Amino acid sequence: MAESLTRTSGVVLRGCGSATPNRSISNEDLGQRVETSDSWIRSRTGIAARKVVGADESLAELSAQAAERALQMAGWSADSLDLILLATSTPDDLFGSAPRLQARLGATNAVAFDLTAACSGFLFALVTAAQYLRTGAMARILVVGADQLSRWVNWDDRRSCVLFGDAAGALVMEASTDGRDDLEGFLLRSDGSRGEVLQLPQVSERNPLVGDSTHQCGGFLPIQMNGQEVYKFAVREVPAILTELLQETGTKANDLNWLLLHQANQRILDAVAERLSVSSDRVLSNLAHYGNTSAATIPVMLDEAVRDGRIEAGHRIASSGFGAGLSWGAALLRWSGPA
Ligand code: UT7
């Protein structure tokens with residue numbers, strides 16, 4: 001950790017990594033469980049399959065695999081990290097999984113904590129990490145977006161179970177002192193008054209405690225979602241926040257190399273791109289293979305496109321996360337890659 005607060009000028013994105021569970025469940029597989037079809041799921045969502053954690057897998061393990069790949073790309077050792085931010089709504093332990101990730105990596109000098117903002121979590125964590133770097137409080141940070149929603153999906157509810165999958169994605173970033181800033185701008189929003197359209201609520205059962213007192217049992221209900229309302233929220237708010245960010249930063253849609261949106265539904269990606277006049281060949285999508293992996297979608301997609309050469313050093317990326325809360329945000333990023 002930086003010994004004294006030296007104000008730095010910006011942040012640099014140095015490495016990324018991702019990991020997904022071994023087991024893939026196809027649309028046809030799901031058709032054995034609920035009344036659905038491959039053609040319905042593909043045409044309404046763009047999803048063909050999703051990965052689901054097995055009995056021998058955990059969020060901490062997937063996160064560690066993704067993080068190790070990001071560290072390797074950057075050429076950093078784990079003990080050079082000052083902070084680990086794990087964006088997740090589905091930790092292995094409700095008290096948080098970030099310290100377990102820290103232990104698995106051997107990141108002995110890093111403080112580690114979880115950050116919860118559902119599908120916006122990775123973007124919120126990236127922006128949070130940037131503040132520590134910009135103040136000079138820290139020099140190197142690992143941000144992980146990881147979720148295992150398969151543990152919380154009602155697999156008998158065809159309206160929601162077809163959408164979700166499990167994954168982890170990681171990004172390592174450092175403070176710059178030379179004027180470079182890979183986070184060119186950001187906007188974050190929350191609106192709890194609309195939160196009921198997508199929830200993972202606590203059970204409301206109460207048990208006797210002592211005398212007349214009761215206590216609420218632990219545990220949560222499966223995901224409750226009003227799909228149409230979430231869809232309307234996304235296609236209204238995401239183009240609006242991206243437009244505002246582009247205006248604020250003086251950026252034209254043509255200046256962007258890539259649009260990297262939370263991977264929720266191909267129709268949402270297409271609608272947002274159309275509103276922003278971004279051509280479909282500049283819209284990143286891997287929904288077909290993984291479905292909606294919540295906080296993991298953006299870093300997993302980033303990693304895939306960096307490793308296959310689509311995203312190159314210097315490319316500019318407009319990103320937006322959105323989901324439960326309700327929460328949403330946008331960031332204008334530049335990819336630097338390893339020094
Ligand atoms: O990170 C954010 C997470 N959430 C989201 O991104 C959700 C956003 N919403 C969506 O992606 C879409 O609303 C869905 C994909 C969830 C649903 O698509 P839709 O076009 O809004 O379908 P719908 O809910 O209007 O349902 C149309 C019909 C209904 O049948 P009826 O009432 O017209 O007879 C549903 O019962 O499709 C039926 N249906 C299905 N049929 C086959 C709903 N789910 C399925 C299914 N297979 N899996």
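Two strands count as paired here if DSSP finds at least two bridges between them. With that in hand, welcome to a predicted model, in which local features need pLDDT of at least 70, side-chain atom pairs count only at pLDDT 80 or more, and totals for chains, interfaces and linings use all residues. Residues are numbered from 1 along each chain as its sequence is written, and side-chain values use heavy atoms, with hydrogens and water left out. Helices (H or I, at least four residues) and strands (E, at least two) are DSSP runs, numbered from the N terminus.

**The five-stranded sheet**

- Five strands make up an open sheet of mixed pairing, ordered β1-β7-β6-β4-β5.
- At its edges stand β1 (10-19) and β5 (111-115), each pairing on one side only.
- Direction ignored, neighbouring strands of this sheet are turned by 20° against each other on average; axes are lines fitted to C-alpha atoms, for helices over the stretch in contact, and angles run from 0 to 180 degrees between N-to-C directions.
- Strands β6 (residues 140-148) and β7 (residues 166-176) run antiparallel and are joined by nine bridges. Within β6, look for Arg-140, which stands opposite Glu-174 in β7.
- Helix α3 (residues 59-74) lies across β1, β4 (83-87), β6 and β7, and runs at about 130° to β1.
- Helix α4 (residues 98-105) also packs on the sheet, where it touches β4, β5 and β6 (contact means heavy atoms within 4.5 Å). The direction of α4 makes about 140° with that of β5.

**The four-stranded sheet**

- Another open sheet, of four strands with mixed pairing, has the order β8-β15-β14-β13.
- β8 (183-190) and β13 (258-261) are the edge strands, each with a single partner strand, so one side of each is left without a neighbour in the sheet.
- Neighbouring strands of this sheet are turned by 10° against each other on average, direction ignored.
- Eight bridges connect the antiparallel strands β14 (residues 316-323) and β15 (residues 327-334). Here Ile-317 stands opposite Leu-333 in β15.
- In the loop between β14 and β15 you will find Leu-326.

**Helices α7 and α8**

- Helix α7 (residues 227-248) packs with helix α8 (residues 266-276) at an angle of about 35°, their axes being 9 Å apart.
- From α7, residues including Tyr-231, Val-235, Pro-239 and Leu-242 meet residues of α8, among them Ile-268, Ala-271 and Val-272.
- By class, ten nonpolar, one polar and three charged residues take part in this contact of α7 with α8. Ala, Val, Leu, Ile, Met, Phe, Trp, Tyr, Cys and Pro count as nonpolar, Asp, Glu, Lys and Arg as charged, and the others, Gly among them, as polar.
- Ser-277 sits in the loop between α8 and α9 (287-290), and has a positive phi of about 60° although it is not a glycine.

**Around the ligand**

- Of the 21 residues around the ligand (one heavy atom within 4 Å), Thr-36, Arg-44, Gly-227, Gln-228 and Asn-265 come nearest.
- A polar side-chain atom of Gln-228 is 2.5 Å from an oxygen atom of the ligand.
- For Asn-292, a polar side-chain atom lies 2.9 Å from a ligand oxygen atom.
- Arg-158 places a backbone N or O atom 2.9 Å from a nitrogen atom of the ligand.

**Met-73**

- Met-73 belongs to helix α3, and its contacts include Arg-14, Cys-16, Val-306 and Trp-335, not counting residues up to four places away in sequence.
- Met-73 and Leu-171 are 98 residues apart in sequence and 9.9 Å apart in space, C-alpha to C-alpha.

Definitions and conventions: A polar contact is a pair of N or O atoms within 3.5 Å; within protein, one must be able to donate a hydrogen and the other to accept it, and residues adjacent in sequence count only if both atoms are side-chain atoms.
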